[in-house]
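Here are a few notes to read with the structure open beside you.

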Amino acid sequence: MKIAVAGTGYVGLVAGVCFAEMNHDVTCVDVDEKKVEIMRQGISPIYEEGLEELIQKNNAKGTLHFTTDYQEAYRDADAIFIGVGTPEMPDGSANLGYIATVSRQIAETIEKDCLVVVKSTVPVGTNDKVEQFIKDFLVHDVKVEVASNPEFLAQGTAVHDTLHAARIIIGTESKEAEALLKEIYEPFGLPIVSVKRRSAEMIKYACNDFLALKISYMNDIANLCELVGADITDVAKGMCYDERIGSRFLNAGIGFGGSCFPKDTKALKFLAKEHGYQLKTVEACVEVNTAQKIRLFEKAKERMISFNGLKVAVLGLTFKAGTDDLREAPSIDNIRLLLQAGADIYAYDPKGVERAKQLFPEGKLEKGSMTYVDSAEEALDKANICFVFTEWPQIKQITPAQFKEKMHTPLVYDGRNLYDPKQMKAAGVEYYSIGR
Ligand code: UDX
């Protein structure tokens, strides 16, 4: 099957590479020439376990190609997958600008019947509009259909999530489109759930927002645990035996970040509002998360007279471990507040430093300063206070004794509940975590 993929972000690139792995003939299109060149050389533009190996393998096998020339890729493709971004607009709605650009290019280029598959997360009803838009601009006399095929991969495990997905959702409006998508996915050997297009679009939001709700719920309960003397880790342990609840996404912490949950909760809230409906559960989830992200800073602010001139160790910058992505990471909100309060921050992250430097360049910033270091030990050295924002193994393995020895004042605010409060106390560390 000849497949073109528009956009080589997390969604597009991983999908393209995995289709190539299944021996489809894949061409990935991106506007960024530099990025295309490095991918041709077998280098992955994002850090994702196993991805670079698969790019190299399939480049060599001849099933994977990269180009900036969309015409070459789209002209005679059997299917074109759209995996471009749908970033958040200031009002919380999804920006469909990139989808529109690609749709127009497809319409003006395709010379044979083709299935256009939207993988990007888009508001319910968008695929109808994409289909109409493409038909409006078609240049050649060809048959084109649009299908929805939402993506459920999580960053850090993207390749695994794609090759071993729990299910493939396909949303189509015709038997032909359904058959073609089933044929494309047949080599993956995964369960396929086939529904109508609008339901497929909704499944994606419903899943993401449900998981986000689960996290906000646990954070809410954690905050209450602190007030009533319960321990959220024990509470989660007790909850997860109930199969109706499940054992995953029960970790209370510093709030969710990333490229999906923050955007998709706001987008669904916006969609509901547009249709005259108030989605109260999702609204509450967003509200809890916004407060949760800066909860530890607020707590520390109550304890300190000032942050001015203090050496603050920041351990972890990315929105979760296993990725170099900082989008909507709780670290960003906290660093901003700390710099405004005059803190001298020494930050460590195994993968996120390059991206963090784009947001917070090294040197004097606001009333404080930013320094990046190569190890957690360096960050902790003579620090007055430490904030933990990401659950990297390199950070989790720090012992209570190390905090005590390295820091000027052993004062730790842990947004990921990585350490045992009893052991921290026994080592002489003043320790605050979430819900314990
Ligand atoms: C998520 C969905 O999991 C994925 O299915 C979808 O396609 C895209 O959005 P991702 O954003 O990569 O994936 O990461 P995920 O592992 O879901 O974590 C999202 C955020 O929630 C992170 O900030 C993480 O730290 C936080 N989280 C997750 C918690 O705070 N507690 C948990 O128990 C789980």
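1. First, a term: a polar contact here is a pair of N or O atoms within 3.5 Å, where one must be able to donate a hydrogen and the other to accept it. With that in hand, domain 1 and domain 3 have 5 residue pairs in polar contact, with both residues at pLDDT 80 or more. Keep in mind that this is a predicted model.

2. Now the layout. The protein splits into domain 1, covering 2-195, domain 2, covering 203-292, and domain 3, covering 294-432.

3. How far apart are the centres of domain 1 and domain 3? Going by C-alpha atoms, the separation is 38 Å. Domain 1 puts 8 residues into the contact, and domain 3 puts in 10 residues.

4. On area, domain 1 and domain 3 bury about 650 Å² between them, and carbon and sulfur atoms carry 42% of that. If you want to look at the domain 1 side, start with Tyr10, Tyr47 and Gln155: they lose the most area to domain 3, together 76% of what that side buries.

5. What about charge? The count of salt bridges between domain 1 and domain 3 is 0. The side of domain 1 that touches domain 3 is made up of 5 nonpolar residues, 2 polar and 1 charged.

6. Which residues line the largest cavity? The lining consists of Val118, Ser120, Thr121, Val122, Ser148 and Pro150, along with Ala200, Glu201 and Lys204.

Definitions and conventions: Residues are numbered from 1 along each chain as its sequence is written. This is a predicted model: local features need pLDDT of at least 70, side-chain atom pairs count only at pLDDT 80 or more; totals for chains, interfaces and linings use all residues. Side-chain values use heavy atoms; hydrogens and water are left out. Domain bounds come from an automatic or database domain assignment. Contact means heavy atoms within 4.5 Å. Buried area is the accessible area (1.4 Å probe) that two parts lose on being put together, summed over both. A salt bridge is a side-chain nitrogen of Lys or Arg within 4 Å of a carboxyl oxygen of Asp or Glu. A polar contact is a pair of N or O atoms within 3.5 Å; within protein, one must be able to donate a hydrogen and the other to accept it, and residues adjacent in sequence count only if both atoms are side-chain atoms. Ala, Val, Leu, Ile, Met, Phe, Trp, Tyr, Cys and Pro count as nonpolar, Asp, Glu, Lys and Arg as charged, and the others, Gly among them, as polar. On a 1 Å grid over the protein atoms alone, a cavity is a set of points where a 1.4 Å probe fits but cannot get out, and a pocket is an open set with protein on both sides within 12 Å along at least five of seven lines; lining residues have an atom within 4 Å of a point.
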